[in-house]
Amino acid sequence: MPIHDWTRVDAGLFHHFHLCWLATLCDALNAGCLPADYFALMERRTKPAMPDFLTLELAPGPDGPSHGQGGLAVATAPPRTRLVRRTEAEIYAGKANRITVRHRHGIVVAVVEIVSPGNKASKAEFRAFVEKSASMIHQGIHLLVIDLFPPGKRDPQGIHKAIWDEFHEEELQLPSDKPLTLAAYDAGLDGEHVAYVEFVAVGDALPDMPLFLKPEEYVPAPLEETYQATWNVFPAALKGLL
């Protein structure tokens, strides 16, 4: 099943496919792709911890709770302005999931991330994604990143270069006819990290990518098989949009 052009639909539709594909891939990993000592779980992405703020619980005045009389009125209707913009893509980024692969003792050894439009929607979201990815590799967690969206102003040479620049800045010329990126990272030993990168395009079949469980030891992640299975149950009424 060829890769579809997901830039043609809004972030919400890809969010649905993203979640379904992750679930299908997770099931495939647990159904025989992973060795018996490992298992995969769907987990919610978490943002970096926010600073603690003092929680204040103020007692009401002698007349009880205020209902707005004599004070500032609280508006409930949306304000009317000439220009209104919503950060919809960022909202979906916050709701996105990832796959974690764990050893039977519960230790996370690998993570699978499917990039969503929200990960590139703002400088903050993009920076958070890149820093989190690099942090996992630094901690010895292997990583597989799947990006079916073309480069934008935040990643002009693709998501891999943005992540790899956290370790080693080097020139990379993204193939003009293969703008989508699949990158597998072997976290390695003693600070020696290795990246295995494939470039694909809309209309291509997805190659299986290595999912590392230990340094230099991996299983093939069945991307094409699970993408096709997810597409087969995608709502028929929406397939024409792609």
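User: Is Arg98 buried or exposed?

Analyst: This is a predicted model, where local features need pLDDT of at least 70, side-chain atom pairs count only at pLDDT 80 or more, and totals for chains, interfaces and linings use all residues. Residues are numbered from 1 along each chain as its sequence is written, and side-chain values use heavy atoms, with hydrogens and water left out. Buried means under 20% relative accessible area, exposed over 50%, and partly exposed in between (1.4 Å probe, protein chains only). Arg98 has a relative accessible area of 9%, so Arg98 is buried.

User: Which residue does the side chain of Arg98 meet in a salt bridge?

Analyst: A salt bridge is a side-chain nitrogen of Lys or Arg within 4 Å of a carboxyl oxygen of Asp or Glu. The N to O distance here is 2.6 Å. The partner of Arg98 is Glu113.

User: Why does the pair of Arg98 and Glu113 tie together parts that are apart in sequence?

Analyst: Helices (H or I, at least four residues) and strands (E, at least two) are DSSP runs, numbered from the N terminus. Arg98 lies in strand β2 (residues 97-103) and Glu113 in strand β3 (residues 108-114). The pair therefore ties together parts that are 15 residues apart in sequence.

User: What is the relative accessibility of Glu113?

Analyst: Glu113 counts as buried. Its relative accessibility is 2%.

User: How many residues apart are Lys120 and Asp155?

Analyst: Their side chains meet in a salt bridge at 2.8 Å, N to O. Lys120 is in the loop between β3 and α3 (123-138). Asp155 is in the loop between β4 (142-147) and α4 (159-164). The pair links distant parts of the chain, 35 residues apart.

User: Are Lys120 and Asp155 buried or exposed?

Analyst: Lys120 has 16% relative accessibility. Asp155 has 2%. Lys120 counts as buried, and Asp155 counts as buried.

User: Which residue does Lys178 pair with in a salt bridge?

Analyst: Lys178 counts as partly exposed, at 27% relative accessibility. The salt bridge spans 2.7 Å, N to O.

User: How many salt bridges does the structure hold?

Analyst: Among them are Arg98 with Glu113 and Lys120 with Asp155. The structure holds 9.

User: Which backbone oxygen does the side chain of His18 reach?

Analyst: His18 is found in helix α1. At 1% relative accessibility, His18 counts as buried. Its side chain reaches a backbone oxygen at 3.2 Å, a polar contact (a pair of N or O atoms within 3.5 Å; within protein, one must be able to donate a hydrogen and the other to accept it, and residues adjacent in sequence count only if both atoms are side-chain atoms). The oxygen belongs to Ile114.

User: What covers the buried residues of α5?

Analyst: Helix α5 spans residues 223-232. Its buried residues are Leu223, Glu224, Thr226, Tyr227, Thr230 and Trp231. The cover includes α1 (11-33), β4, β5, β7, β8 (217-221) and α6 (236-239).

User: Where is confidence lowest in the chain?

Analyst: pLDDT is the predictor's confidence in each residue, from 0 to 100. The chain mean is 82, and 78% of its residues reach 70 or more. Confidence is highest in α5, at 97. The lowest mean, 50, is in helix α2 (residues 88-95).

Technical notes. Contact means heavy atoms within 4.5 Å.
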